[in-house]
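This report walks through one structure, part by part. Keep the sequence and the 3D view at hand while you read.

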Amino acid sequence: MTLEDVARAAGVSQSTASRVLNGSARRVLPENESRVREAAARLGYVVDLRAQATAGRPSNAAMVVVDSLRDPAAMQIAAGVYAQADVEGYAVSVTASRLDAERGADLVRMLRGQRPRVIFVVAPRGRAIARCVRQELTLYRAHGGLPVVIGEEGVIAALGDADAAFARGREVAARTFAALG
């Protein structure tokens, strides 16, 4: 299903359908908005987030990268980020890759292609983030993304309980989302 199909089914222009379904600040007539939403639901239309990202619209996606899904502190930090992102209206994906290896750079490169608004990286305990991963994060920033590394200051190793790690993730996410506006 395409936006053009929805517009045709609703009897409106493609730009009107786009304004309704893509959250434009420009308003449309209430009856047109209703017809577009009904047509989209009937046809099973889903907004193409990749197309929105390509068009330069700010994404409501946030990514969290951890070194290991088996690291309890890292997962609690990710859970804290998720909890705050949910409050802020962001969709969150959590993924894992060794951040001290080329595979981590490959993952960050792939995530950059999805154009999330922010990528949170939970630093691995006891290991440095690879230079190639840092380079990908630098490229991400250069193209308008916001990379946030959590835990390099040694705080993760000091977080012995789940509540403290969760609170740390939530606090960093709250500051980050406030900065994004």
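Strand β1 (residues 61–66) runs parallel to strand β2 (residues 91–96), and the two are joined by 6 bridges. Strands count as paired if DSSP finds at least two bridges between them. Within this pairing, V66 faces A96 of β2. Between the two strands the chain passes through helix α5 (residues 72–88), and this β-α-β crossover is right-handed. Right-handed has a set meaning here: with the strands pointing away from the viewer, the path from the first strand over the helix to the second runs clockwise. Helices (H or I, at least four residues) and strands (E, at least two) are DSSP runs, numbered from the N terminus.

The model is predicted: local features need pLDDT of at least 70, side-chain atom pairs count only at pLDDT 80 or more, and totals for chains, interfaces and linings use all residues. Residues are numbered from 1 along each chain as its sequence is written, and side-chain values use heavy atoms, with hydrogens and water left out.

**Aromatic pairs**

How many aromatic pairs does a search of the whole structure find? There are 2. Rings of Phe, Tyr and Trp (its six-membered ring) pair if their centres lie within 6.5 Å; planes under 30 degrees apart are stacked, over 60 edge-to-face, and the rest tilted.

| Pair | Centre to centre | Angle between planes | Type |
|---|---|---|---|
| Y90 and F177 | 4.3 Å | 25° | stacked |
| F120 and F177 | 5.9 Å | 75° | edge-to-face |

Y90 sits in the loop between α5 and β2, while F177 belongs to helix α9 (residues 162–180), so their pair ties together parts that are 87 residues apart in sequence. The second pair also links distant parts of the chain: F120 is in strand β3 and F177 in helix α9, 57 residues apart. Together, Y90, F120 and F177 make up one aromatic cluster.

F177 is buried at 3%. F120 is buried too, with a relative accessible area of 0%. Buried means under 20% relative accessible area, exposed over 50%, and partly exposed in between (1.4 Å probe, protein chains only).

**Helix α7**

From its first C-alpha to its last it reaches 16 Å, close to the 16 Å expected at 1.5 Å a residue. The expected span is 1.5 Å times one less than the number of residues.

Which residues of α7 are buried? They are C132, V133, E136, L137 and Y140. These cover an arc of only 145° around the axis, so they lie on the same side of α7. The arc is that of the directions from the helix axis to the C-beta atoms. On the other side of α7, R131, T138 and A142 are exposed. The cover over the buried residues includes α6 (102–114), β3 and β4 (146–150), where contact means heavy atoms within 4.5 Å. After α7 comes G144, with a positive phi near 100°.

**Two arginines in loops**

R115 lies in the loop between α6 and β3. Its phi is positive, about 55°, although R115 is not a glycine. At 43% relative accessibility, R115 is partly exposed.

R125 is partly exposed, at 39% relative accessible area.
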